[in-house]
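Hi,

Here is the structure I said I would pass on.

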Amino acid sequence: MNHPFTEEEIRELEKQLSCPNGEFGIEIGETMNETNIRMTLNSIDFLTLKNDNVVLELGHGNCGHLQELLGAAKRLNYHGLEISETMYEEAQKINADKPAEFNRYDGNTIPYANHFFDRTFSVNTIYFWENPEQLIGEIERTLKPEGCCVLTFGNKEFMENLPFVRGRFTLYDRRRIKRLIGKSNLTIEETREVTEQVKSKTGDQVERKFTMVKLKK
């Protein structure tokens with residue numbers, strides 16, 4: 001795989017992907033929205049949103065996809081949480097005219113009451129979760145009974161060949177995600193695997209394989 005990046009630039013790209021920051025972070029947010037949009041739209045569809053649902057997204061980036069999400073059902077109540085101050089600010093700026101609530105969080109504790117959300121989802125963030133077991137527990141705690149969560153991630157065998165995937169990433173396959181979910185009271189209701197052609201963060205055209213896992217409370 002050819003790319004024009006130096007080793008130092010690759011390390012910086014990995015750092016920015018885990019938590020976009022500053023002017024370069026804004027650019028990374030735009031690139032992530034562009035390259036991940038089909039993953040995100042597939043995830044929104046997999047959520048089976050219903051009218052009046054209260055929805056949480058963990059790690060929304062610049063949230064350039066919010067219009068599509070809000071169009072998936074009527075009167076949706078969207079909440080977004082981000083660890084990146086840059087993405088939190090960008091999402092508010094881009095979606096200033098839309099009904100949404102954005103907040104920052106520490107990546108471990110979801111600052112909402114028990115049984116608050118009908119639907120929760122997260123796309124391409126699980127690699128960076130500091131304490132996956134704790135966050136899965138928080139997702140479970142804040143979901144309403146019969147609520148569901150969709151986690152979407154690039155498959156391990158695809159991700160490990162990308163030049164910017166280094167020590168900051170924890171990669172997942174079906175076995176690893178099953179072990180993680182098994183430590184909670186959530187159950188895996190359905191799993192979907194998708195293959196698509198996409199331009200990677202380094203500009204290479206690649207065949208990306210990703211998995212969407214629907215968890216039920």
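**Salt bridges and strands**

Arg38, Glu196 and Arg208 are tied together in a network of salt bridges, a salt bridge being a side-chain nitrogen of Lys or Arg within 4 Å of a carboxyl oxygen of Asp or Glu. By this rule the count comes to 14 salt bridges. As background, side chains of opposite charge can pair when their charged atoms come close.

Before the rest, some ground rules. This is a predicted model, where local features need pLDDT of at least 70 and side-chain atom pairs count only at pLDDT 80 or more, while totals for chains, interfaces and linings use all residues. Residues are numbered from 1 along each chain as its sequence is written, and side-chain values use heavy atoms, with hydrogens and water left out.

Now the overall layout. The protein chain has 7 helices and 7 strands; these are DSSP runs numbered from the N terminus, with H or I and at least four residues for helices, E and at least two for strands. Read from the N terminus, the order is α-α-β-α-β-α-β-β-α-β-α-α-β-β. Of the 217 residues, 51% count as buried (buried is under 20% relative accessible area, exposed over 50%, partly exposed in between, with a 1.4 Å probe and protein chains only). The chain exposes about 10500 Å², and carbon and sulfur atoms supply 43% of that (areas come from the Shrake-Rupley method with a 1.4 Å probe; for residues, only the protein chains shown count as cover). Among contacts with a separation of 6 or more, residues 24 or more positions apart account for 69%, where contact means heavy atoms within 4.5 Å.

- Lysine 144 and aspartate 118 form a salt bridge at 3.3 Å, N to O. It links distant parts of the chain, with lysine 144 in strand 5 (residues 143–154) and aspartate 118 in strand 4 (residues 117–123), 26 residues apart. Lysine 144 is partly exposed at 26% relative accessibility, whereas aspartate 118 is buried at 14%.
- Glutamate 193 and arginine 174 meet in a salt bridge at 3.1 Å, N to O. Here the partners are 19 residues apart, glutamate 193 in strand 6 (residues 187–199) and arginine 174 in helix 7 (residues 174–181). Glutamate 193 is partly exposed at 47%, and arginine 174 is partly exposed at 49%.
- Glutamate 189 and lysine 216 make a salt bridge at 3.6 Å, N to O. This one joins strand 6 to strand 7 (residues 205–216), with the two residues 27 apart. Glutamate 189 is partly exposed at 45%, and lysine 216 is partly exposed at 22%.

The other thing to look at is strand 2 (residues 77–82). Why is it largely enclosed by the rest of the structure? Because 5 of its 6 residues are buried. Strand 2 pairs in the parallel sense with strand 1 (residues 54–58) over 5 bridges, and also with strand 3 (residues 100–104), parallel again, over 5 bridges; strands pair if DSSP finds at least two bridges between them. If you want landmarks, glutamate 57 stands opposite glycine 80 in strand 2, and glutamate 82 stands opposite arginine 104 in strand 3.

Strand 2, helix 4 (residues 85–94) and strand 3 also make a right-handed β-α-β unit. Right-handed here means that, with the strands pointing away from the viewer, the path from the first strand over the helix to the second runs clockwise.

Cheers
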